[in-house]
Amino acid sequence: MSTDVPLIFPVGHYLGALQSVPGVDRHVVRIGWETYPLEGTDQFRLWALAHGLPEGTDMQPWTRTTLEGAARATGTFDAAAILADLLARDLVVEVTPGTPQSVELAQTIRLRNLQAGFGNSPDAPLEFGIGLAGAQPMVRVPRFGYELWSWGPACASLWDVCQIMARSGAETDPGDRERTDPVAILTRCLLMIQVLIAHGVAYLDEAAEDWAQPVPLPRV
Amino acid sequence: MQLPATSPVQTLFRRYDCCVVGDETTAEPLIFPVGHYLGRQFRLQPSGSRGDLGVVEDVCRVRRGANFHSLTGEQAAVWTAACGSAKALEDAIPWSRQSMLAATSSQVGEIVEDLIGRQLLVEVSPGTPSARDFASTHRVVPSMLGLGNSADEPDIFHIGFLNSPVVAVSHAIYDLWSWSTMDGCLWDACENAYQAAQQAGIAAPADDPNQLLTGFLGALHALLYAGAASIDIDFRLDLN
């Protein structure tokens, strides 16, 4: 699956509707060290819709067009204006895979995972489940998606993830551009991240600037 | 041994009014699992003359820092059991090695020792220097969404999924949980939470960061058991 149109991503960890003022509908999202309010139902609804629809790994790429269509279907008719505000505050980002802008974005964001892994099964060894332990998996993804979900959050930025995958690919599949070119890997990551986000098992956050003790790269 | 059913879905909805209670210490150290559970994973290869696929590897994996650890089913069951139990949470029983062994099987003592040796389990005594050491080298990672509070119960904060709260906690616990992923370690999270409360001019949730840590450790099994958080080590990858 590939795309040459800009993809839409929500950014941030949802921290709920905080009722500091009775009767005021105010949702809060954390991005990095800041929290951002989503004022009113429409802003929250559009940010939630920016996650996409959980339709498995075959879900269509989530774009401004599909988002605005979903917003209209749920009764929000001024989606363009609300989206412009969310884009201006980086609560939603829009980027075309394979472009220099996608690399710039990958250097400023990081993937964080939610929930737990289910692994695979002898009957379906190529599908890896993710979800709430003890319940049914929210989604089953191929090994690439599982690796991205399971250790991508260990990296300070999404671009670091792509570089590590490219180094690993250079050792195992040196002639395969899809596995050795960080930009090509980023395109695969962005499409898979849409699947992970739509199923509620990951979110995007601000890239880490300064972390604790460095440790050697893992073998992927 | 089968993996225990620790699903909070089966026990929705539980409220653990995890308060920062102060200087309480437990008689026995609390036991915690370290790492993020990645599930049971099979690797298959063609085998036999017909080339049928056969299982050549069947392990449970946990990511701890930058490393992936392979556990047997029994080891994974013990690791998961360290998250706590519904009964212990309901009865406010501190989850220690002894309470875990009593609830599972005394036969798993060697596995506990092995997992402690691999730093996949850790024992911590709240209110002691070991707690500070633990908090300075580990971080708490949220694995669900924050759902906030309500006008009816402004002091109770929910964690879970949209329209599906799984666990309820006090503001002090919610605040630490919300920001813990940004801090390098749990101790930094406690210090920052304490300072932020002071700077904001609101009533500090504890007398000092140590007391905050003590209270949070007492609430941590509720978060782990619900699947609302995991524990990782303080680390970062070095690309150079």
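Trainee: How are residues and chains labelled here, and what should be kept in mind about the model?

Mentor: Residues are numbered from 1 along each chain as its sequence is written, while chains are lettered from A and ligands numbered from 1 in the order in which they are written. Side-chain values use heavy atoms, without hydrogens and water, and in this predicted model local features need pLDDT of at least 70, side-chain atom pairs count only at pLDDT 80 or more, and totals for chains, interfaces and linings use all residues.

Trainee: How much area do chain B and chain A bury between them?

Mentor: Taking contact as heavy atoms within 4.5 Å, 45 residues of chain B touch 51 residues of chain A. Buried area is the accessible area (1.4 Å probe) that two parts lose on being put together, summed over both. Of the area between these chains, 65% is on carbon and sulfur atoms, and the total is about 4,100 Å².

Trainee: Which residues of chain B lose the most area to chain A?

Mentor: Three residues together account for 18% of what the chain B side buries. They are B:Met182, B:Arg236 and B:Leu239.

Trainee: What is the volume of the largest cavity?

Mentor: A cavity is a set of points on a 1 Å grid over the protein atoms alone where a 1.4 Å probe fits but cannot get out, and lining residues have an atom within 4 Å of a point. The largest cavity has 20 lining residues, with A:Asn113 and B:Arg63 among those nearest its centre, and β6 of chain A supplies at least two of the lining residues. Its volume, the space filled by probe spheres set on the points, is about 220 Å³.

Trainee: Which element gives the largest share of the lining of the second largest pocket?

Mentor: A pocket is an open set with protein on both sides within 12 Å along at least five of seven lines, and this one holds about 770 Å³. Of its 29 lining residues, B:His171 and B:Trp179 are among the closest to its centre. Seven residues of the lining come from one helix (H or I, at least four residues), namely α6(B).
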